[in-house]
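Colleague: I would like to learn how to read a structure like this one. Can we go through it feature by feature?

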Amino acid sequence: MSIVENICKIKTQLPKNATLIAVSKTRKVEEIREAYNEGMRDFGENKVQELVEKVDCFDSSVRWHLIGHLQTNKVKYIVGKVHLIHSLDSIKLLKEIEKRYGASNLVAKVLVQINIGKEESKTGIFKEQLNDILEACENCNNVKVKGLMAVIPKGSEEECKKYFREMKDIWEKTKRKEYKNISMDYLSMGMTHDYKIALNEGSNMVRIGEGIFGERDYNKA
Ligand SMILES: *Cc1c(COP(=O)(O)O)cnc(C)c1O
């Protein structure tokens with residue numbers, strides 16, 4: 001199926017309140033443009049350099065999402081260029097975002113990434129650290145937390161459900177507390193192979209790469 005056909009199919013499965021992010025990492029500008037011409041405006045990238053290069057190829061109607069790990073020393077390159085940072089995973093990174101966005105008088109919108117499966121190979125905080133990081137966010141002037149993000153462990157449908165439910169539960173509980181600077185608008189979870197389960201379990205932001213653009217070839221990038 002073509003990029004356009006894939007997008008149309010996924011859109012029919014998407015609840016009204018959910019945002020579809022087309023994960024365009026490793027994809028050429030021409031491929032992204034096909035999706036853009038189909039009306040897509042939310043694109044996800046996992047590397048700062050690749051993101052910054054692509055930003056310049058599109059008009060400002062595109063909302064760029066940084067979905068990969070963000071190193072502290074790269075924050076300066078993305079100020080003013082991304083719509084939402086999905087990968088806040090330390091207080092050190094938070095402080096750097098606060099500093100860099102503050103210097104430009106801008107406000108960064110971020111999601112806190114939770115390593116819900118506690119996998120060594122993945123970034124993100126453990127759920128037990130969420131309160132500490134949110135309390136640190138309360139003291140920021142140039143960072144606003146808009147929700148949570150997770151990449152769950154690979155597993156059976158039942159295992160996926162269990163992790164998605166756990167994330168939904170944390171998101172709901174956090175929503176009920178009243179933190180300054182924090183609104184739990186988004187729950188970013190679900191990728192090509194599990195987005196339907198994620199949406200069923202309450203995700204309102206799915207990040208889909210291969211399901212839109214086809215199989216990724218990392219050698220091409
Ligand atoms: C690559 C990536 C995705 C998309 O993965 P697909 O399996 O291609 O849908 C989603 N989220 C993150 C954080 C990613 O790095």
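This is a predicted model: local features need pLDDT of at least 70, side-chain atom pairs count only at pLDDT 80 or more; totals for chains, interfaces and linings use all residues.

Colleague: How far is the polar side-chain atom of lysine 25 from an oxygen atom of the ligand?

Modeller: That distance is 2.7 Å. Other residues around the ligand include Val23, Ile67, Met149, Thr192 and Arg216.

Colleague: What describes two packed helices?

Modeller: The angle between their axes and the distance between the axes. Here, the axes of H1 (residues 3–12) and H2 (residues 29–37) come within 9 Å and cross at roughly 45 degrees. The two helices are therefore oblique to each other, and their crossing is right-handed.

Colleague: Which residues of H1 and H2 meet?

Modeller: Ile3, Val4 and Ile7 of H1 meet Glu31, Glu34 and Ala35 of H2. By class, the residues of this contact are four nonpolar and two charged, with no polar ones.

Conventions:
Residues are numbered from 1 along each chain as its sequence is written. Side-chain values use heavy atoms; hydrogens and water are left out. Axes are lines fitted to C-alpha atoms, for helices over the stretch in contact, and angles run from 0 to 180 degrees between N-to-C directions. Helices (H or I, at least four residues) and strands (E, at least two) are DSSP runs, numbered from the N terminus. Angles under 35 degrees count as roughly parallel, over 145 as roughly antiparallel, 65 to 115 as roughly perpendicular and the rest as oblique. A crossing is left-handed if the near helix is turned anticlockwise from the far one by less than a right angle, and right-handed if clockwise. Contact means heavy atoms within 4.5 Å. Ala, Val, Leu, Ile, Met, Phe, Trp, Tyr, Cys and Pro count as nonpolar, Asp, Glu, Lys and Arg as charged, and the others, Gly among them, as polar. A residue is near a molecule or strand if one of its heavy atoms lies within 4 Å of it. A polar contact is a pair of N or O atoms within 3.5 Å; within protein, one must be able to donate a hydrogen and the other to accept it, and residues adjacent in sequence count only if both atoms are side-chain atoms.
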